[in-house]
Amino acid sequence: MVDFSQIRSLLIYALVISVLLACMLGLSALTGLRRSLSHGGTSLSIPFESGIIPTGSAHLRLPVQYYLVAMFFVIFDVEAAFLFAWAIVVTDVGWVGYSAALLFIFFLAVSLVYLWRAGGLDWGPLPRRLPETQSSMEHLS
């Protein structure tokens, strides 16, 4: 059986938190504004946009390239954090750690070149290639 003296501080902590929570909820209920739309007008029902009345829909369709660039940033940012952690212990790990970091950087560079060549970092639409015709070939020669 647990002695009351062992859990007394935990019970006091729970009581203080409960009183603090009740005070915050009670004060917000007492001092909060309750306005209906008839008293405040229509400006209370629209979101605040830095003082500008919003126009159009808030549902934007972002291109998939936006998300790709964001994911690539997160991936390469985490890998940079690994390199910062390695830089702290560089003297302790010696040449083995140095070669492992070089191999890691090499794989990062290879993956970046692959993404670049595959067009994963292209933001705008791809330029259209026109089929080459006989007249354009004659013009070049």
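Me: What share of the 141 residues of the protein chain counts as buried?
Reply: This is a predicted model, where local features need pLDDT of at least 70, side-chain atom pairs count only at pLDDT 80 or more, and totals for chains, interfaces and linings use all residues. Residues are numbered from 1 along each chain as its sequence is written, and side-chain values use heavy atoms, without hydrogens and water. Buried means under 20% relative accessible area, exposed over 50%, partly exposed in between (1.4 Å probe, protein chains only). Of the 141 residues, the buried share is 5%.

Me: Which element of the protein chain has the lowest mean pLDDT?
Reply: The chain has five helices and zero strands, taken as DSSP runs numbered from the N terminus (helices H or I, at least four residues; strands E, at least two). pLDDT is the predictor's confidence in each residue, from 0 to 100, and the chain averages 79. Helix H1 (residues 4-31) has the highest mean, 91, and the lowest, 54, belongs to helix H2 (residues 37-40).

Me: Which side chain of opposite charge is nearest to Glu79?
Reply: Glu79 sits in helix H3 (residues 64-88). Lys and Arg count as positive, Asp and Glu as negative; His and the chain ends are not counted. Glu79 is buried yet has no salt bridge (a side-chain nitrogen of Lys or Arg within 4 Å of a carboxyl oxygen of Asp or Glu). The nearest opposite charge, 19 Å away, is Arg117.

Me: Is Phe4 buried or exposed?
Reply: Phe4 lies in helix H1. Its relative accessible area is 52%, so Phe4 is exposed.
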